Amino acid sequence: AAPPQSLRVLRLVVVLVAMDATGALPPTSTQEQQKQDEVGGGDGSYGVLLYYKYADVPDAPALAAFYESRCRALALVGRVRVGPDGVNATLGGRVAALEKHIDEMSSNSLFDGTDFKLASCEEPVDERVARECGFTSLSVRLVKELVTLCSNPSLTTPDISFAGRHLSAAEFHSVLQSVGTGSDTEAPAGQNDVVVLDARNLYETRIGKFHVPNVETLHPEIRQYSDLPLWIDEHTEKLRGKSIMMYCTGGIRCEMASAYIRSKGEGFENVFQLYGGIQRYLEQYPDGGYFDGKNFVFDHRISVGSNKDNILGTCLVCGSTYDDYSSRCRCSNCRMLVLVCSTCQDSTKEYVCELCLKNGKQCCEISVKQDCQAEPELSEPSDIGKLSISNKISTSKAPGSNGKVCINLHLCHCDVWLFKILSSMPSLEVHMLCRQN
């Protein structure tokens with residue numbers, strides 16, 4: 001009789017690990033540094049580039065191959081997703097190299113009108129955080145669609161042409177200012193007819209959000225982006241007849257979410273979205289404007305704040321003011337990031353997020369029926385839920401581990417069994433890198 005699927009998968013994992021462990025190791029950080037210095041001119045300036053473009057891509061494999069070739073030539077790291085409906089990219093490297101990349105992509109008419117968001121920052125210093133965020137290597141993948149709004153395959157994806165009207169940071173701010181002060185000269189509707197909708201996940205909203213006096217702001221408190229359609233369906237009366245001001249990190253999640261709202265027809269026509277997301281808003285208003293706290297980002301920076309010295313987050317355990325996710329503490333059930341201050345952090349302690357507590361879950365009650373999570377801002381709908389080992393593991397020699405093989409598992413909720421089995425093997429050091437939206 002054939003062995004159970006779980007055993008076949010486990011054997012495949014072990015074989016792949018063994019093959020990788022005997023092969024060439026990835027370049028060291030020093031080697032990467034030297035290559036980046038050569039490409040970027042050695043000026044020491046590091047940066048992160050975020051952009052997306054919805055457009056018909058005639059030959060997605062060819063475009064993905066171009067990204068693979070040119071990004072490696074420029075010593076760029078990060079994530080690029082290419083689909084028939086466009087491109088979504090988050091890249092890191094020398095600023096000079098990133099600027100060359102922008103010039104190369106801008107020469108392609110496919111990227112006409114693309115908002116390339118380039119920010120200077122410090123280089124990654126925490127390898128663990130950089131690795132989890134995908135900023136130690138380059139990953140270029142073909143996907144069926146850039147963003148998976150809903151994991152239910154029976155539901156039709158809304159047409160992106162239905163997306164809400166783009167508002168620049170200045171226009172978005174003017175509307176909020178008008179409705180917040182009671183002046184409707186710039187507002188798309190009266191004060192009582194405007195709502196602000198956060199299209200991000202709960203762990204992002206914990207540390208930063210828009211707050212406008214006298215204006216209702218809706219925070220769905222979702223675990224992952226694919227939960228948003230259900231929240232919208234359950235709160236249509238809060239949205240019907242309103243002018244909806246949507247925002248997210250860089251703008252891409254608002255595109256599909258606003259299209260979903262507008263596809264509901266009469267009473268849902270007035271949807272506006274912050275073009276360029278919170279990132280562009282904070283660039284325009286470095287004092288924070290109407291945004292309080294920090295903007296959660298999906299790279300080694302973890303979060304980006306304004307000149308305001310305010311902290312919105314609180315420690316899950318003691319309730320003290322805290323907003324630093326660098327410890328990468330996660331809920332024991334759903335693997336969502338949680339805030340745990342340095343005093344309360346304990347490697348043997350298990351945490352339960354507020355959403356699991358609300359649903360009556362305690363530690364280690366892992367449900368295999370939950371939807372698998374997708375990557376942040378860079379969803380992979382074609383891969384999520386499929387048992388594809390090649391996309392789930394990467395290996396390296398663990399420093400100071402006496403020859404142990406270090407395995408990085410890119411898993412979903414339904415794969416936690418694999419993590420537990422491999423973790424029990426004394427010759428392996430296993431890290432679970434849970435996908436997120």
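Visitor: Which elements do the buried residues of α6 pack against?

Guide: This is a predicted model, where local features need pLDDT of at least 70, side-chain atom pairs count only at pLDDT 80 or more, and totals for chains, interfaces and linings use all residues. Residues are numbered from 1 along each chain as its sequence is written, and side-chain values use heavy atoms, with hydrogens and water left out. Helices (H or I, at least four residues) and strands (E, at least two) are DSSP runs, numbered from the N terminus. Buried means under 20% relative accessible area (1.4 Å probe, protein chains only). Contact means heavy atoms within 4.5 Å. Here, the buried residues of α6 pack against β6 (165-167), β7 (194-198), β8 (208-210), β10 (243-247), β11 (271-274) and α11 (277-284).

Visitor: Which residues of α6 are buried?

Guide: Among them are Phe172, His173 and Leu176.

Visitor: How many residues has the largest nonpolar core?

Guide: Nonpolar side chains tend to be buried together in soluble globular proteins. A nonpolar core is a set of buried Ala, Val, Leu, Ile, Met, Phe, Trp, Tyr and Cys residues joined through side-chain atoms within 4.5 Å. The largest one here has 27 residues. Leu228 and Ile244 are among those with the most contacts inside it. Helix α10 (252-262) gives the most to this core, with six residues.

Visitor: In what order do the five strands of the open sheet lie?

Guide: Two strands pair if DSSP finds at least two bridges between them. The order is β4-β1-β3-β2-β5, with mixed pairing. The edge strands, β4 (117-121) and β5 (138-142), each pair on one side only. Strand β2 (77-83) pairs with β5 in the parallel sense, over five bridges.

Key. Buried < 20%, exposed > 50% of the residue type's maximum accessible area, 1.4 Å probe, protein only.
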